[in-house]
Protein chains: 2
Amino acid sequence: MHDLSPARSAEGGTFMSQGHIDVPAQVEAIRVGEAEGSSIDKACSVLEVLNRISGKWAIGVLLLTTQRPMRFTHLEREIKGVSRRMLTLTLRNLERDGLLVRTVYPTVPPRTEYEATPMARELYETLLVLTGWADRHRHEIDSARRVYDEQSTSRATSTGSP
Amino acid sequence: MHDLSPARSAEGGTFMSQGHIDVPAQVEAIRVGEAEGSSIDKACSVLEVLNRISGKWAIGVLLLTTQRPMRFTHLEREIKGVSRRMLTLTLRNLERDGLLVRTVYPTVPPRTEYEATPMARELYETLLVLTGWADRHRHEIDSARRVYDEQSTSRATSTGSP
DNA sequence: CGGCATCCTCAAAGATACTG
DNA sequence: CAGTATCTTTGAGGATGCCG
């Protein structure tokens, strides 16, 4: 069974060469009732996907590198707000998962390019589906939130009549 | 513009009625180059989706509640490993976003049921797409990781000849 | 230019205990 | 049964500095 729970350092801990580059744990487990079954197995798969594309900067990187090869600095500037560390981390993770290809040109100064692999490009398509969903329901969710917050606030302010 | 960066507490901070029930910040921003544009805008949408379905337990809840109405305790047992607190938090967030409907039956003992809304069920379909991707590339990613880790380890062990 | 290494912060997740 | 309130842990993420 896909018990991801105790797998915090996952894979076995081989990956600690580059120093402390801490590969995120993120969504680590779900392990929903193996008795009820059915779509639960799917959850694991979904989680694995999320583990990959989650982490704040991954999607930005994937989106950009899917369009064209990108240099480190270019990514750093495009993805406003990302730190060198986090960009590197994200890049390494994606590369490790085979979603990115890193090409180093041994020139001076050095030049490194990142490009999404076909596999990642497939994910891109999938992301568009998600995007569609988000766009369609953006307002619905937004109003749902407002309603919920409204009720919560009023309930906290006046629980009846003062 | 969708500048989510400084929006840590988002929404304005209205939602702090139930005590400290801290609505997660999660993936907070991406704000990729507004100059380059094109698919970058999409990134925001995708992020919003991720913000919703991320958080370890959300997907499990969605998957289960999409299949049938579920009681709190049932969810708690099905989603092994989740704490009461986290389950409540997840439930509240999903409810707030209009992805879940909470129905309380004023019986003794109390009975509460959660069920996915149509909107959430659409997301379920999308999740299946993601699942498909994950399943198709599971092995590919796995071997990619092994290769990467292998290279890293050997590079760390013997960088040439001692 | 393209990164590691280090230190630090703060929010998300966990454990535990109490209540309507 | 179905939560809420607190305290603590942990680890993702940020800032900075150095180096090939």
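**Helices, charges and rings in a predicted model**

User: How many helices and strands does the secondary structure of chain A come to?
Analyst: This is a predicted model, in which local features need pLDDT of at least 70, side-chain atom pairs count only at pLDDT 80 or more, and totals for chains, interfaces and linings use all residues. Residues are numbered from 1 along each chain as its sequence is written, chains are lettered from A in the order in which they are written, and side-chain values use heavy atoms, with hydrogens and water left out. Helices (H or I, at least four residues) and strands (E, at least two) are DSSP runs, numbered from the N terminus, and in chain A they run α-α-β-α-α-β-β-α. The secondary structure of chain A therefore comes to five helices and three strands.

User: What percentage of the 162 residues of chain A count as buried?
Analyst: A residue is called buried under 20% relative accessible area, exposed over 50%, and partly exposed in between, with a 1.4 Å probe and protein chains only. By this rule, the share of the 162 residues of chain A that count as buried is 44%.

User: Which residue meets Arg92(A) in a salt bridge?
Analyst: A salt bridge is a side-chain nitrogen of Lys or Arg within 4 Å of a carboxyl oxygen of Asp or Glu, and the pair in question has an N to O distance of 3.7 Å.

User: Which residue of chain A forms a salt bridge with Asp149(B)?
Analyst: The closest N and O atoms of this pair are 2.5 Å apart. The pair crosses between chains, from Asp149(B) in helix α5 (residues 118-157) of chain B to a residue in helix α4 of chain A. Asp149(B) is buried, as is its partner, which is Arg96(A).

User: Over the ring of which residue does the charged end of Arg111(B) sit?
Analyst: A charge sits over a ring if NZ of Lys or CZ of Arg is within 6 Å of the ring centre and within 35 degrees of the ring normal. The charged end of Arg111(B) is 5.9 Å from the centre of the ring, which belongs to Tyr105(B).
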